[in-house]
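Keep the viewer open as you read.

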Amino acid sequence: MLLLILKYIGCILTALVGVYALFAPKRTEGFTGLIAPDARGVTEIRVVLGMFFVVLGLFPIVTGSAAAFQMLGAAYFLVGIARIVSIFVDRSGNQSNWSSVVFELVFGAILFL
C-alpha cells in the first residue's frame with residue numbers, strides 16, 4: 001500500500017512540475033537553470049518541461065497501467081544515471097543537481113517496482 005502511495009506521489013510531483021512550467025515558464029530558471037532568451041525559448045519550456053511533464057505524470061494515474069508507472073520509473077532512473085554522468089563531465093555538481101539525482105533514482109526505482 002505504501003509503495004502505491006509513493007508511486008502516486010511521484011506521478012503527482014511530476015505533473016505539478018509540468019503545471020508550474022506550463023503556466024510560469026520564466027520562473028523555472030530557479031530549479032532548472034534554463035533561461036529562455038526569447039518567445040521561442042519560453043514556448044519550449046512551456047511545452048517540453050510543462051505539458052510533457054503533465055502528461056507523463058498523469059498518464060499512469062489515469063490509465064492505472066502498471067506498464068505506464070514502470071515506463072515513468074525507467075525514464076526517471078535513466079535520467080538520473082545520465083545526470084550523474086553529466087555532473088562529472090560538465091563539472092556541475094551543485095546541490096540542485098544532486099537533489100535531482102536523488103529524486104530521479106529514488107522515484108525511478110519506486111515507480112518501476
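## H4 against H5

The angle between them is about 150 degrees, and their axes are 7 Å apart. Axes here are lines fitted to C-alpha atoms, for helices over the stretch in contact, and angles run from 0 to 180 degrees between N-to-C directions. The helices themselves are DSSP runs (H or I, at least four residues; strands are E, at least two), numbered from the N terminus.

The crossing of H4 and H5 is left-handed, a label used if the near helix is turned anticlockwise from the far one by less than a right angle (right-handed if clockwise). Sort the residues of this contact by class and you get 18 nonpolar, six polar and two charged. For that sorting, Ala, Val, Leu, Ile, Met, Phe, Trp, Tyr, Cys and Pro count as nonpolar, Asp, Glu, Lys and Arg as charged, and the others, Gly among them, as polar.

## Before you go further

This is a predicted model, so local features need pLDDT of at least 70 and side-chain atom pairs count only at pLDDT 80 or more, while totals for chains, interfaces and linings use all residues. Residues are numbered from 1 along each chain as its sequence is written, and side-chain values use heavy atoms, with hydrogens and water left out.

## H1 across H4

Now look at helix H1 (residues 2–23) on helix H4 (residues 66–90): they pack at about 65 degrees, with axes 11 Å apart. That angle makes H1 roughly perpendicular to H4. This crossing, too, is described as left-handed.

Which residues of H1 and H4 make the contact? From H1 come Lys7, Tyr8, Cys11 and Thr14, and from H4 come Phe69, Leu72 and Tyr76; contact means heavy atoms within 4.5 Å. By class, that is five nonpolar, one polar and one charged.

## H3 against H4

Helix H3 (residues 39–63) also meets H4, with the axes coming within 8 Å and crossing at roughly 145 degrees. On the H3 side you'll find Phe53, Leu56, Gly57, Phe59, Pro60, Ile61 and Thr63, facing Ala68, Phe69, Met71, Leu72 and Tyr76 of H4. This contact has 10 nonpolar residues, two polar and no charged ones.

## The core

In soluble globular proteins, nonpolar side chains tend to be buried together. Here the largest nonpolar core has seven residues: Cys11, Phe69, Leu72, Tyr76, Phe107, Ile110 and Leu111. Such a core is a set of buried Ala, Val, Leu, Ile, Met, Phe, Trp, Tyr and Cys residues joined through side-chain atoms within 4.5 Å. H4 and helix H5 (95–112) are the elements that give two or more residues to this core.

Phe69 is a handy one to click on. Leaving aside neighbours within four places in sequence, Phe69 is in contact with Lys7, Tyr8, Cys11, Pro60, Ile61, Gly64, Leu111 and Phe112.

Not counting residues up to four places away in sequence, Thr28 touches Tyr20, Ala21, Gly33, Ile45 and Leu49.

Tyr20 lies in H1 and is partly exposed at 36%. Beyond its neighbours within four places in sequence, Tyr20 is in contact with Pro25, Arg27, Thr28 and Phe31. Tyr20 and Met51 are 31 residues apart in sequence, with 9.6 Å between their C-alpha atoms.

## A few more spots to check

Arg91 sits in the loop between H4 and H5 and counts as exposed, at 76% relative accessibility. Its phi is near 55 degrees, a positive value in a residue other than glycine.

Ala82, in H4, is partly exposed at 44%. Its C-alpha atom is separated by 9.2 Å from that of Val101, 19 residues apart along the chain. Val48, in H3, is partly exposed at 46%.

Terms used:
Angles under 35 degrees count as roughly parallel, over 145 as roughly antiparallel, 65 to 115 as roughly perpendicular and the rest as oblique. Buried means under 20% relative accessible area, exposed over 50%, partly exposed in between (1.4 Å probe, protein chains only).
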